[in-house]
Structure formats: C-alpha cells, structure tokens
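Me: I'd like a close look at one part of this model: the aromatic pairing. Where do the rings involved sit, and what is going on around them?

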Number of protein chains: 2
Amino acid sequence: MYEGVVQELIDELGRLPGVGPKSAQRIAFHILQSEPADVRRLARALTEVKERVRFCSVCGNVAQEERCRVCADPRRDPAVICVVEEPKDVVAIERTREFRGRYHVLGGAISPIDGIGPDDLRIRELLARLADGSVTELILATDPNLEGEATATYLARMVSPMGLRVTRLASGLPVGGDLEYADEVTLGRAFEGRRLLDV
Amino acid sequence: MYEGVVQELIDELGRLPGVGPKSAQRIAFHILQSEPADVRRLARALTEVKERVRFCSVCGNVAQEERCRVCADPRRDPAVICVVEEPKDVVAIERTREFRGRYHVLGGAISPIDGIGPDDLRIRELLARLADGSVTELILATDPNLEGEATATYLARMVSPMGLRVTRLASGLPVGGDLEYADEVTLGRAFEGRRLLDV
C-alpha cells in the first residue's frame, strides 16, 4: 500500500510484540517526521543492544560484562538466591529495594503446552550453584500463574534433598487494590495466607 | 534500572507514539532475544525510511521519487483533487479503490489549541494547484472532528471565488456498526444526510 521503504518499516515494526498494524503505521509516520538524529539514535540503540548485551555467566541476567551488576556487587549476599523467570523480573524486584541477595534467571517457566520442559530452563546451572552448600535460602519468585507455580513446585522437589530453606513469594490482594475486584483465586490465597495482627 | 544499553533502548522505544514504559521494556527484551539479522533489518528500515523517503513535490504525500505514485500515474484524473490531512489518509482512501483522482496532503488540520494555523498547512500549495482552472472538483476529506471540520470550512471559503465544485465526505453510521452504539452527533448527521431509497 505504501511506497516501498515505508511499507518495509511498517512490516518490521509490526513484528514487535504488542505492535499491531495500526500502531506500526503510526510509529512509521512518527519516524518519517522525526529528526534524522533521533532516528539514528534509535537505530543505534537497537543494534548496540544486540552487540553489547550478553547474559551473566553466573545467574543468566542481562549483563554488559561477564557478570551482571548484581553478581559483580560484593555487597550482595551470596547465601540467598531468588529464582525468577526473566531478566525483567530482576528489575521489578530490584525496584522494591527489599532484596539484598543474588538472582538466578531461568529464562522462562515450565510449560508443556509451549513445549518448554525443565531442560529448556537454566535449572542445571541453578543446581550447580547450590552444590557447594553455601546457599542457605532459595526464594522461588516465578510468576503466580499455572506455569510459574508448576516451575516452583518442580524446583522445590528437586532441591528438597539439599536441606536448604525454600520459600515462595506470598500471594494475596494487591496493595492499593479493591477487594471486590480481586478474582476468587487471589482472594482465596489472601484468606489462606492471612496473618495475625499484633496490636 | 537496567544495564546501560538496555535502558537506552527502552528509553528510545518509550519515545515512540503509543509505546508506554511497559511496552518499551517488552519490546527491548524481545529485541534481546531476536536473531541479530532481524534486529539489523529493523534498524536498517528505520534509517532507510529517513534517507530515502521524501514528500511529493506536487501533493505532499510520501514519495520515493520527486513525485508520489499517485501523482506520477497518468491514469489518475488531475481534474479531481481530494484534500486530506496526512499521508496515511491517502492510504486509507486508496484501499477503498473508489477514487481515481489526485490528492493534496495538508500535513495536519487547523488547530488553534495546538498552535496550528492555516499558514502551517500546505494550503498555499493547494491554491497554486487550483490557479489554472483545470481542477473541477475539490473533495474535502479532512477528519470528521472539530479540527478537520474547521479546516474544511476554511478551505471551502478560500476556494469559493474559484467556482469549482467543493464536496465533503458524508458523515453517518459506520457500515457494519450498531445503531444503538452510535454517538448522538454521528446519529444526528446520519439523519441529516438521509437518502431517498429508490425501490
């Protein structure tokens, strides 16, 4: 429909996640009207990320050096490992400033329907990190959905002979949310996990 | 929050229209996991569009040559000009295959609130095209909103001394839509513009 290069850009943009044909068109016309320097910066950011980002040799998080920022930080407690599915989960947890241990990024969750089994995740690497017995707690912070729960259960069983403390993030009502809008499962979990108020 | 180059990419993506921080993050991680060749193709499409696309010297539509595909096509009727706001409107109209005339792209609509006046649009260029009297009909296809209507009214007044046929696209119910979901203004327009059924 469009002149060659415009259509090519729309097609390329349309392949990105969450970008439909209309958004691709809108972005393409925005690009057409942008300053050339801004577009070059975006193009460079795209190629640089591929050239310069790699994955941490220890935890699998994104990294610019051999180790990611968390693994390279000597102040982070190596005795506590928080297991997450994706690098973006690391960022979400870092944002809370609640956690001072290390991470292990699995690269996904067990999902038979998508053909993802335990061997497709970085579980062998996790077991290797636990082998010397220096880790005392493993926090399973996979997503609170079917795949994440299955992965957490699988991991908990795998590491149970090692005798370390294995925990799972609490499920419950989101802070600031409305009770009436919570789904039954979440509300059920919130009941199960209710805490005694010390007053 | 992220390692340098990843954050840079997220920031750059977040500047695109309709891409919020969450989408920018999702796209960035998609890029991280894509094949390098795919990413290079996207980066090239971005820079090529800036290098190779220009605007048609006649109508202001996007073009890869001096004239756009419509203006360069001798089969298109030069006596009918359809005035639109943006190049994407040209594509929308071309898709209908209803129109065999030429276009004129204004580059926007009159919008005092955004500081866009008649001088910021390609109105002078339109008047120049009408000067020799060879155009017989001017179809005003600006958007059916406040700014588009204001622009159409302004143009209709400007060209009224030239004695050519000036038309406006019909407003009414969208085909395939539900009458009960139409807003009052659209429904009102549909009544105003009702047609006699020849049965």
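Predicted model: local features only at pLDDT ≥ 70, side-chain atom pairs only at ≥ 80, totals over all residues.

Reply: Start with B:Phe99, which counts as buried because its relative accessible area is 11% (buried means under 20%, exposed over 50%, partly exposed in between, with a 1.4 Å probe and protein chains only). Residues count from 1 along each chain as written, while chains are lettered from A and ligands numbered from 1 in written order.

Searching the whole structure turns up two aromatic pairs over all chains (ring centres of Phe, Tyr or the six-membered ring of Trp within 6.5 Å; planes under 30 degrees apart are stacked, over 60 edge-to-face, the rest tilted). One of them is A:Phe99 with A:Tyr103, an edge-to-face pair with 5.2 Å from centre to centre and 65° between the planes. Are these two residues buried or exposed? A:Phe99 is buried at 12% relative accessible area, and A:Tyr103 is buried at 1%. In chain B, the partners are B:Phe99 and B:Tyr103, again edge-to-face, at 5.2 Å and 65°.

Now zoom out to the chain that holds the first pair. Chain A has seven helices and six strands (DSSP runs, numbered from the N terminus: H or I for helices, at least four residues; E for strands, at least two). Reading from the N terminus, the order is α-α-α-β-β-β-α-β-α-β-α-β-α. Of its 199 residues, 41% count as buried. And if you take contacts (heavy atoms within 4.5 Å) in chain A between residues at least 6 apart in sequence, 48% of them join residues at least 24 apart.

Charged side chains pair up too: there are 18 salt bridges over all chains (a Lys or Arg side-chain nitrogen within 4 Å of an Asp or Glu carboxyl oxygen). Take A:Glu149 and A:Arg168, whose closest N and O atoms are 3.3 Å apart. A:Glu149 sits in helix H6 (residues 146-159) of chain A and A:Arg168 in strand E6 (residues 165-168), so the bridge ties together parts 19 residues apart in sequence. A:Glu149 is partly exposed at 21%, and A:Arg168 is partly exposed at 28%. Elsewhere in chain A, A:Arg75 bridges to A:Asp73, with 3.1 Å between the closest N and O atoms. Here A:Arg75 is exposed at 68%, whereas A:Asp73 is buried at 14%.

Chain B has a bridge between B:Arg168 and B:Glu149, at 3.3 Å between the closest N and O atoms. That one links strand E6 (residues 165-168) and helix H6 (residues 146-159) of chain B, across 19 residues. B:Arg168 is partly exposed at 29%, and B:Glu149 at 22% is partly exposed. Shared partners also join A:Glu12, A:Arg15, B:Asp38 and B:Arg41 into one salt-bridge network.

That brings us to where the chains meet. Two salt bridges cross the interface of chain A and chain B. B:Arg41 bridges to A:Glu12, with closest N and O atoms 2.7 Å apart. On chain A, H1 (4-14), H2 (21-33), H3 (36-52), E2 (62-63) and H4 (87-96) each supply at least two residues of the side touching chain B. The largest share, 14 residues, comes from H3(A). Altogether, the contact takes 50 residues from chain A and 50 from chain B.

Notes: Heavy atoms only, no water.
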